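Visitor: I am new to this structure. Please walk me through it.

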Amino acid sequence: MGDGLPVTINEGNAVISSDSGVFYNPVQEFNRDLSVFVLDTYLKHKLWEKGSKKLHENNFKLCEALSATGLRCIRYALELENKDQIKKLVANDISPKAVETIRKNVTDNKCQEKIEIVNEDASLLLYKSTSHNDRFFVIDIDPYGSAAPFIDSAVQAICDGGLLMVTCTDVAILCGNAGETCFAKYGAMSLRLVSCHEMALRIVLHSIESSATRYGKYILPLLSVSVDFYVRIFVQVFQSPSHAKFSASKRGLVYNCTGCSSFSFQRLGSTEVKRPQSNNIAVRCKFSPATGPTIPQRCQTCDHAHAIGGPIYLDPIHSQDFLTKLKDRINEFEEKNLTDKLGTFKRIKGMIEVISEELPDVPLFYCSDLMAQKIHGISPPAHILRSALLNAGYRVSISHCHPTSLKTDAPNNFLWDIFKEWAKKSSCPNENKLKKDDIAKSILQKPTTSEISFSIHSLANPASKNQKLLRFQVNPPFWGPKSRAKEKSDENEDKKLKSSHKETIDS
C-alpha cells in the first residue's frame, strides 16, 4: 500500500479496500480474530448483567473509537453469533479520509443498517457519552501507539459491567526504553527487566484502574495478552465506590535488582477483613497503608542496589472463570467444524491454553536462560527445572509472554539454589576463573541453603506442550508495526517542510 493505490483485503467474512492514507496492518489479524472471539463469549454469557445497575435500552451499543478502515467494526457486524445483543455499532475516526473509506467499506459489506459512521475526535465522542443513558456497553480502543489519551474518557463512557477492549502498540516505552515517558503517559515507571512484556500489561491495567477509581469504579481483567509488538487487554468496568477502596492493595511497586535481576514487590495498600459476616465493605474490611520496606536496601543474592518500577497492577490479569468460558467455546468451534471462521484459530487456542496454565496470583517471571547467563552457566532443561520446583512443593508455570519463562511462587533464594546446584552438576562455570567483582562469583560463593531434587516430576511438562499446541509463533516476514497512515495533504506538507529545511541549509 506504499504507492497509495487502493488494495482489496479479505479477512474473516469482510472484504474491504484501503490505501496508504488509511492505517491497516495485516499482522493484527490475530488481534481482530481474538477480539471477535472474546466479544462473542462476553455477549453469549451476558456478563454485563453482573453489574449492579440495569442498562437502559440505549446502552446496547458498541463504539470502535478509532476505526481507520472500519474492518474491525464490519467484522463484528458480520461474524458475531450473538450480535443481536448489540443494537448499534459506532465506527468513529477523526480523519475525513478514513471516514470516507469506512463508508465505502460498510456499504460494500451491506452493513449500513447496523453501523453508524461518525467523524469525531475519539475522546470528545466518548466524553459526550458519559450520561447514564448515552453510555456504551462495549468500547474498543485500538490506536496507533498509546491508548493513554483515551482511557479516562472510555471509563466514563462505559456502562456498569461493560467490556473495555484496549490495544497499546508503544511497547518499547512500556518495556523500559523510556521510563520517564511511560510515567508521563501511564503514571508508572517501566523497567527493562526480563518480564517487561508482562509488566507492560500490568502498567496499562494500573492506568485503567487509576482512571476507574476516580469515578467510583473498578476493573475486572478478563484477558490480558502481550503478543507480537502490542498488548491487548479486555476488562470489565464496574460501578462501586466501596469496591474502589481495594484499589491501593491491588497495586504496588517493583524492586528489581540491578545485578542478578531478582525482583520483589511492595503493595501500596493493605486490606484486613475485620467482620466477615457483614455485607457492607466499609464495615467488613479495614483499609490502611501497607508497611515496609519489604526488602533490604541491598540485594541478598548479589549485594547490588535495586531499581524501583511501577506502580503496577499486582492482582490477577486474567479471569479464570472467563478463561474456562473461552476454552469451552474453543471446544464448541472444533465440534462444529467452525475453526475456519478465524484465520488465526490455532494460535488463539494455543494462547488461551498457555494463559490458562499461568499461575494467576504470581506477578512477573524469570527466564531460565538469562538466569543461567548471570552465573556463566548452563540452564537445566525446562522439565528438570520445573521438577526441582515441584519436588520442593512450589508451583510453577510458563508465561504466554516468553518461551523460556519461569513463573513460580518459590522465593528468589531457592531459585538461585537450583541454578547453583545445577552448576555444580555440570561443572560450569569454573569459579576459579571468575573475576573478583563478577556477579556470578558473589552468587556462587553463597552456600546453598535448600535441598534440591532434580528427579523428574509427573507434572513437569505442561498440558499445552504435551498437546503440541501452537504456543509461540514464528514471526512472518511482514511482522512489526507500520508507519502511521498519512493523508495526501499531510504528505504534501511534509515535502514542503523538507524543501524549506533544505533551502535554509543551502543558504
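Here are some questions and answers on its sheets, helices and single residues.

Visitor: What kind of model is this, and how are residues numbered?
Guide: This is a predicted model, where local features need pLDDT of at least 70, side-chain atom pairs count only at pLDDT 80 or more, and totals for chains, interfaces and linings use all residues. Side-chain values use heavy atoms, with hydrogens and water left out, and residues are numbered along each chain as its sequence is written, from 1.

Visitor: In the open sheet of 7 strands, what is the strand order?
Guide: Helices (H or I, at least four residues) and strands (E, at least two) are DSSP runs, numbered from the N terminus. Two strands pair if DSSP finds at least two bridges between them. The pairing in this open sheet is mixed, and the order is β5-β4-β3-β6-β7-β9-β8.

Visitor: Which strands stand at the edges, and why is one side of each left without a neighbour?
Guide: An edge strand here has a single partner strand, so one of its sides has no neighbour in the sheet. From one strand to the next, the twist averages 15°. The edge strands are β5 (115-118) and β8 (217-227).

Visitor: Which helix packs on this sheet, and what angle does its direction make with that of β8?
Guide: Contact means heavy atoms within 4.5 Å. Angles run from 0 to 180 degrees between N-to-C directions, and axes are lines fitted to C-alpha atoms, for helices over the stretch in contact. The helix touches β7 (158-168), β8 and β9 (230-239). It is α8 (residues 196-214), and the angle is about 160°.

Visitor: How many bridges join β3 to β6, and which residue stands opposite Glu64?
Guide: Strand β3 (residues 61-64) runs parallel to strand β6 (residues 136-141), and 3 bridges join them. The residue opposite Glu64 in β6 is Asp140.

Visitor: What is the bridge partner of Cys63 in β4?
Guide: β3 pairs with strand β4 (residues 88-92) in the parallel sense, over 4 bridges. In β4, the partner of Cys63 is Val90.

Visitor: Which residue just after α7 takes a positive phi?
Guide: The phi is about 75°. The residue is Gly187.

Visitor: How do α5 and α8 pack?
Guide: Their axes are 9 Å apart, at an angle of about 45°. Angles under 35 degrees count as roughly parallel, over 145 as roughly antiparallel, 65 to 115 as roughly perpendicular and the rest as oblique. Among the meeting residues are Ile151 and Val155 in α5, and Ile208 and Ala212 in α8. The two helices are therefore oblique to each other.

Visitor: In which hand does α1 pass α2?
Guide: Helix α1 (residues 29-44) and helix α2 (residues 71-79) pack at about 40°, with axes 10 Å apart. A crossing is left-handed if the near helix is turned anticlockwise from the far one by less than a right angle, and right-handed if clockwise. The crossing of α1 and α2 is right-handed.

Visitor: In the open sheet of 3 strands, what is the order?
Guide: The pairing is antiparallel. The edge strands, β11 (263-267) and β14 (306-313), each pair on one side only. The order is β11-β10-β14.

Visitor: Which residue in β14 stands opposite Val254?
Guide: Strand β10 (residues 251-257) and β14 pair in the antiparallel sense over 6 bridges. The residue opposite Val254 is Gly309.
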